[in-house]
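Open the structure in your viewer and get your selection tool ready. We will go from stop to stop, picking residues and looking at what surrounds them.

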Amino acid sequence: MMLREDRNLLVAAHLSQLLDFVTGIGGFIIPLILWLTQKDKVLQMDEHGKQIINFQISTFIYSILCIPLILFLGLGILGFIVLGVLVLIFPIINAIKASNGEPIYYPLSIQFLK
């Protein structure tokens, strides 16, 4: 099957992560659905989808780790602030990069899916 190029869908996949700020879990569900349904149809969707899901899982794990760190000198609060900034900024940066056809990068991502 011929893969089609659809940068707008890649951009939507990255930006849909911002639904976490509205729904709490939508930023994981929507990119997951887009990746699973479009990875064999859209050029680079498999790569982008894996990076998004890895980032989402990684930030969830880091959030869980921040909870007990709140009791330890309040480091968890600092961790939550850093995570919040990363989760807000990097989907936007990577959406712009996807729109321009540039390589994407999510920091602190554990590579669960390769």
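Before the first stop, one term: a polar contact is a pair of N or O atoms within 3.5 Å, where, within protein, one must be able to donate a hydrogen and the other to accept it. Keep in mind as well that this is a predicted model.

**Stop 1: Q17**

Select Q17, in the loop between α1 and α2 (20-23). Is Q17 buried or exposed? Buried means under 20% relative accessible area, and Q17 is buried because its value is 0%. Now show its side chain together with that of Y106: the two side chains make a polar contact at 2.7 Å.

**Stop 2: F55 and the core**

Next, click on F55. Setting aside neighbours within four places in sequence, F55 is in contact with Q17, L86, V87, Y106, P107 and S109. F55 also belongs to the largest nonpolar core, which has 16 residues; L9, A13, M45, F55 and Y106 touch the most other members. Colour the helices and you can see where the core comes from: α1, α4 and α5 each supply at least two residues. Which helix gives the most to this core? It is α5, with five residues.

**Stop 3: helix α1**

Now select residues 7-15, helix α1, and pick out its buried residues: L9, L10, V11, A13 and H14. Among the elements covering these buried residues are α3 (26-38), α4 (45-69) and α5 (75-99).

**Stop 4**

**Stop 5: two backbone angles**

Finish with Q44, in the loop between α3 and α4. Q44 is not a glycine, yet its phi is positive, near 75 degrees. Q44 counts as partly exposed because its relative accessibility is 40%. Then move to L108, in the segment after α5. L108, another residue that is not a glycine, has a positive phi of about 60 degrees.

Terms used. Residues numbered from 1 in each chain as written. Predicted model: local features only at pLDDT ≥ 70, side-chain atom pairs only at ≥ 80, totals over all residues. Heavy atoms only, no water. Buried < 20%, exposed > 50% of the residue type's maximum accessible area, 1.4 Å probe, protein only. Helix = DSSP H or I, 4+ residues; strand = E, 2+ residues; numbered from the N terminus. Contact = heavy atoms within 4.5 Å. Core = buried A, V, L, I, M, F, W, Y, C linked by side-chain atoms within 4.5 Å.
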